[in-house]
Amino acid sequence: MSIQRRTLLRLAGAAPAALALPALHAETWPSQAFKLHIGYSTGGAADIVARTLAVRLEKLLGQPVVFEYRPGAGGAIAAAYVARQPADGYQLYLADTGSMAIIPNLRSVAYDPVRDFTPLGYVGASGLVLLVNNDVPATDVPSLVKLLKDKPEAYAYSSSGIGSPHQLAGELFKQLTGTQIRHVPYRGAAPAMNDLMAGQVQVAFATIAPALPLIQAGRMRAIAVTSAKRSSSLKNIPTIAEQGVGGYEATPWFAMVAPPQLPAAIAQRLQQAMAQTIADPEVVATLERYGVEDAGAQTPAWLVERIRADHAKWGQVIKTAGIKMEG
């Protein structure tokens, strides 16, 4: 449904907290369900984050949020689809580091991470944890680095797949520490964790949420987190940078975006709804339980700059490591 220009101009001057648009002829915007596109399968971190946000967004916008799963290519399939959708405000995409900053450096994609989306809001960051098998005689980063340097290529680390943020965290670690460690990609966190516990691989870079119960049960040892600051879920575990690897930071994030050229009034309305959603204490608490922190700490403009910066950063890591995506 098109919105008349005079209505858009009137809405552009509305108070930031206002969430109701005036009637447009016989109906208002929004007048139908929103579609929230997710680039991964059900049950994963993206799905959990999307569902947490949707509950609050439905209340603020007065319309249901329907989930559309388009898994594959590290989220790039869903991103490309949303980039081509009408700019009517009903198509949303839960973007992440993979689809916006990593995959475009690994393969040709049918979208530009900045030009082809309207930023609606930064959601938060989901730190990773550096794990070792219990039989590995390393209790911190310096002792792990010594092991890797004493026996080059004798150790292997697992990730959730080629081109995943987990692999990029591992490759950045190798580059900044001058170590060698073989990469073993898995199809998801569960098999990677199983093989770490069994000793098939000795090291892993893993998302905190699925690893946390296994750490607490003593099934594997956490020696560092990859984020710039300590995780509230693992308060006693120092960062990699704290342990002497200067400049190290690998923090996958989530954000909400829409197709390009979204009308200003609709974009403002959605940005306001997102800001209120990720400032809601209940939403923040739920996200933190799943390892997503710093919710709502940044603006849409900051998000654009973060995408640009991470695209450049991970592009250089990929080039140095010589990573090639299969298929």
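By salt bridge I mean a side-chain nitrogen of Lys or Arg within 4 Å of a carboxyl oxygen of Asp or Glu.

Some ground rules before we go on. This is a predicted model, where local features need pLDDT of at least 70 and side-chain atom pairs count only at pLDDT 80 or more, while totals for chains, interfaces and linings use all residues. Residues are numbered from 1 along each chain as its sequence is written, and side-chain values use heavy atoms, with hydrogens and water left out.

How far can we trust the model? The score to look at is pLDDT, the predictor's confidence in each residue, from 0 to 100. The protein chain has a mean pLDDT of 89, with 91% of its residues at 70 or more. Confidence is highest in strand β1 (residues 34–38), at 98, and lowest in helix α1 (residues 5–12), at a mean of 37. Helices here are DSSP runs of H or I with at least four residues, and strands are runs of E with at least two, numbered from the N terminus. Across residues 1–26 the pLDDT is below 50, and this stretch has 35 contacts in the model beyond near neighbours in sequence; a contact means heavy atoms within 4.5 Å. Where pLDDT is low, the predicted coordinates should not be read in detail.

Within it, Arg 306 and Glu 249 meet in a salt bridge at 3.8 Å, N to O. The pair links distant parts of the chain, with Arg 306 in helix α11 (residues 300–321) and Glu 249 in the loop between β9 and β10, 57 residues apart. Are these two buried or exposed? Both Arg 306 and Glu 249 are buried, where buried means under 20% relative accessible area, exposed over 50%, and partly exposed in between (1.4 Å probe, protein chains only).

The whole structure has 13 salt bridges. Another one joins Asp 47 and Arg 51, whose closest N and O atoms are 3.1 Å apart. These two are four residues apart in helix α2 (residues 45–61), so about one helical turn separates them. Asp 47 is buried, at 7% relative accessible area, whereas Arg 51 is partly exposed, at 41%. Arg 51 also lies over the face of Phe 67, 4.5 Å from the ring centre. For a charge to sit over a ring, NZ of Lys or CZ of Arg must be within 6 Å of the ring centre and within 35 degrees of the ring normal.

Now the rings. There are 10 aromatic pairs in the structure. Rings of Phe, Tyr and Trp (its six-membered ring) pair if their centres lie within 6.5 Å; planes under 30 degrees apart are stacked, over 60 edge-to-face, and the rest tilted. Phe 173 and Tyr 248 are edge-to-face because their planes are at 80°, with the ring centres 6.4 Å apart. Phe 173 belongs to helix α6 (residues 165–177) and Tyr 248 to the loop between β9 (221–225) and β10 (253–258), 75 residues apart. Phe 173 counts as buried, at 2% relative accessibility, and Tyr 248 is buried at 2% too. One aromatic cluster contains Tyr 157, Phe 173, Phe 205 and Tyr 248.
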